[in-house]
Amino acid sequence: QIGLLTHHSAEQVEKMVNYWVDRFICAKDLLILYGGAREDFAKLNLPVKAVFINDQRLRTRDHQRERQSYRGVYEAFLTATAEDPVDVCLITEFDQIPLVTDLEQRILQRLDEERADALLHGLRRVDGTSHPHVLAHEIRGELSKALAEFSVRQDGVILCAFGFGQVWKRRVLERVLEHPD
């Protein structure tokens, strides 16, 4: 299942959906996660399921300072796919377009090869650095406490990744959402 996050006009979203369905995925496996204006969402006429993301934490301008969150996106995706849940989900943004037609097979192969529960773009270690997200959370005193309650790691490693193109095993994404932002 692919969740495609967008905020564009109905016309642009229709073109995007047609492109994806013509080249990469069956319509039943594509879910539009709409983060734009509600009035634009109402204009969508798509051959795929679409859900409106009713979470202002997604709609930030200064993402770091306003503490942008994908929580509403994850929750909407899991809720919209609850009747026919899949084991693996790709949540990506409108401007990340596959260059291969066998994306699903490649993702499943990579998950298996890495024995991974998630695949994230740009994953890197940021503990002990001046990474702005780490510093912003540490100033508030939240990060160490949250990690102590949530993380299964004992080594203090903190990893950071880009928000787009996230591949999750459903059970892991559900587990992440058991905890607050």
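The largest nonpolar core holds 23 residues, and Val13, Trp20, Leu30 and Ile32 have the most contacts inside it. A nonpolar core here is a set of buried Ala, Val, Leu, Ile, Met, Phe, Trp, Tyr and Cys residues joined through side-chain atoms within 4.5 Å. Buried means under 20% relative accessible area, exposed means over 50%, and partly exposed lies in between (1.4 Å probe, protein chains only). At least two residues of this core come from each of strand 1, helix 1, strand 2, strand 4 and helix 4. Helix 1 gives the most, with five residues. Helices (H or I, at least four residues) and strands (E, at least two) are DSSP runs numbered from the N terminus. In soluble globular proteins, nonpolar side chains tend to be buried together.

This is a predicted model, in which local features need pLDDT of at least 70 and side-chain atom pairs count only at pLDDT 80 or more, while totals for chains, interfaces and linings use all residues. Residues are numbered from 1 along each chain as its sequence is written, and side-chain values use heavy atoms, with hydrogens and water left out.

Leaving aside neighbours within four places in sequence, Val13 is in contact (heavy atoms within 4.5 Å) with Thr6, His8, Ile32, Tyr34, Leu44 and Leu46. Apart from this core lies another, of 19 residues, including Leu33, Val73, Ala76 and Ala80.

Six strands form an open sheet of mixed pairing, in the order 3-2-1-4-8-5; two strands pair if DSSP finds at least two bridges between them. Strand 3 (49-52) and strand 5 (118-119) stand at the edges with a single partner strand each, so one side of each has no neighbour in the sheet. Strand 2 (residues 30-34) pairs with strand 3 in the parallel sense over four bridges. Within that pairing, Tyr34 has Phe52 of strand 3 as its bridge partner.

Two helices on the sheet can be followed from here. Helix 1 (residues 10-23) packs on the sheet and touches strand 1 (2-6), strand 2 and strand 4 (88-93); its direction makes about 155° with that of strand 2. Helix 4 (residues 103-114) also packs on the sheet, touching strand 4, strand 5 and strand 8 (166-169), and its direction makes about 120° with that of strand 4. Axes are lines fitted to C-alpha atoms, for helices over the stretch in contact, and angles run from 0 to 180 degrees between N-to-C directions.

Arg115 is in the loop between helix 4 and strand 5, and counts as exposed because its relative accessibility is 78%. Arg115 has a positive phi of about 50° although it is not a glycine. Most residues other than glycine have a negative phi. Arg170, in helix 7 (residues 170-176), counts as buried because its relative accessibility is 8%. Beyond neighbours within four places in sequence, the contacts of Arg170 are Phe77, Leu78, Thr81, Ala82, Pro85, Val86 and Asp87. The charged end of Arg124 sits over the ring of Phe162, 5.5 Å from its centre; the rule asks for NZ of Lys or CZ of Arg within 6 Å of the ring centre and within 35 degrees of the ring normal.

Glu138 is partly exposed, with a relative accessible area of 33%. Leaving aside neighbours within four places in sequence, Glu138 is in contact with Leu143 and Ser144. The C-alpha atoms of Glu138 and Val13 are separated by 38 Å, and the two residues are 125 residues apart along the chain.
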